[in-house]
Amino acid sequence: MNAADGFALLQDKTPEVQDLQKLCVTPHEFVMPGHGTNARTGVLLIHGLTGTPAEMRVLGKGLNKQGFTVYAVQLAGHCAGMQDLVDTRWTDWLASVESGLQRFSAQVDHVVVGGLSMGALLSLAVAEKHPDQVAGVCALSTTFRYDGWSIPGYTRLAFLLPLFRALGIGRHSVFMEAPPYGIKDEALRARIVEQMHGGDSAAAGLPGNPWWSIIELRALSAHVLKRLDQLRSPCLVVHAREDDISSISNAYDIESGARNAHVELVLLDNCYHMITIDRERRTVIARTNEFVTRIASAAAPGKAPTHGQ
């Protein structure tokens, strides 16, 4: 949504739009009212660890262009300083998503939940926990493990982090991100890196992952993996073959673990981890639109939903 779009939204005084505006509980969240026959289908977007709702805006605009109502939630502890993030747990992040889902569900007929990286884990977690409220899941660059080709070898010692926290060690320590920062497009990468190191965490996120937050991501990962067979909603899994942060095995984990859900796997050939903004973003938007359209069609009045579609 550009400045003109935002101004038009503020000027719209219809009750429906005014209610949608109230969904945003922080200045960094955004909502895009739908239009036409797709307006009653909502897409709840979830950013990744150390990320911001802004990283979901391009995808959100692509979905909204097809008429879907879009709401991007902000996770607890994000869009602020490192210590704000360290003070939160994975259950706080999941609570942010659940709260957004509850508010959003009151404004639309059915909700598809989609997330990037750790946001994909949270999408799966909320679908496992609330199968009656989640009509579909879009898991983008799912990160159960930091095992991509750019991840330094010493991160394999991450299993020691809970011990460090128990001993009070590492509260202020960070795994700094390294090139290519999840982005194959060099010009785009340069702009994002400049924002990350410019101190504006609300625009481009933090430049590294706190040790203690990695502990929480690992706990969330274990929680989701253990319950994948509880997933009932259809699931679109999109992953880059050359993902530099989380290898393609993370996508295959969903395909093999979600035995009771229809899983559609899409692999991309010309991007890295940040697939919502990198070179194949248009493909991601198109495939996500197709998936959400099928969900909306299956749930249309007079037609019973079929998760296998």
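Reader: Leaving aside its neighbours within four places in sequence, which residues is Trp-211 in contact with?

Author: The model is predicted: local features need pLDDT of at least 70, side-chain atom pairs count only at pLDDT 80 or more, and totals for chains, interfaces and linings use all residues. Residues are numbered from 1 along each chain as its sequence is written, and side-chain values use heavy atoms, with hydrogens and water left out. Contact means heavy atoms within 4.5 Å. With neighbours within four places in sequence set aside, Trp-211 touches Leu-161, Phe-164, Gly-170, Ser-173, Val-174 and Phe-175.

Reader: Where is Trp-211 placed, and how many Å from Ala-158 is it in space, C-alpha to C-alpha?

Author: Helices (H or I, at least four residues) and strands (E, at least two) are DSSP runs numbered from the N terminus. Trp-211 belongs to helix H10, residues 211–226. It is 53 residues from Ala-158 in sequence, while the C-alpha distance between Trp-211 and Ala-158 is 8.3 Å.

Reader: What is the handedness of the crossing where H6 passes H10?

Author: The axes of H6 (residues 118–129) and H10 come within 10 Å and cross at roughly 40°; axes are lines fitted to C-alpha atoms, for helices over the stretch in contact, and angles run from 0 to 180 degrees between N-to-C directions. H6 is therefore oblique to H10, since angles under 35 degrees count as roughly parallel, over 145 as roughly antiparallel, 65 to 115 as roughly perpendicular and the rest as oblique. A crossing is left-handed if the near helix is turned anticlockwise from the far one by less than a right angle, and right-handed if clockwise. The crossing of H6 with H10 is left-handed.

Reader: How do the residues of the contact of H6 with H10 divide by class?

Author: On the H6 side are Met-118, Leu-121, Leu-122, Leu-124, Ala-125 and Glu-128, which meet Leu-217, Leu-220, Ser-221, His-223 and Val-224 of H10. Ala, Val, Leu, Ile, Met, Phe, Trp, Tyr, Cys and Pro count as nonpolar, Asp, Glu, Lys and Arg as charged, and the others, Gly among them, as polar. By class, the contact of H6 with H10 has 8 nonpolar, 2 polar and 1 charged.

Reader: Is the crossing of H3 and H12 left-handed or right-handed?

Author: The axes of H3 (residues 57–65) and H12 (residues 281–298) come within 9 Å and cross at roughly 45°. H3 and H12 are therefore oblique to each other, and the crossing of H3 and H12 is right-handed.

Reader: How far away is the nearest cysteine sulfur to that of Cys-235?

Author: A disulfide is a pair of cysteine sulfur atoms within 2.5 Å, and a search of the whole structure finds 0. Cys-235 is in no disulfide; the nearest cysteine sulfur belongs to Cys-138, at a distance of 7.6 Å.

Reader: Is Cys-79 buried or exposed?

Author: Cys-79 lies in the loop between strand S3 (69–73) and helix H4 (82–86), and its phi is positive, about 65°, although it is not a glycine. Buried means under 20% relative accessible area, exposed over 50%, partly exposed in between (1.4 Å probe, protein chains only). At a relative accessible area of 14%, Cys-79 is buried.

Reader: What is the relative accessible area of Tyr-181?

Author: Tyr-181 sits in the loop between strand S6 (174–176) and helix H8 (186–196), with a positive phi near 60°. Most residues other than glycine have a negative phi. Tyr-181 is buried, its relative accessible area being 16%.
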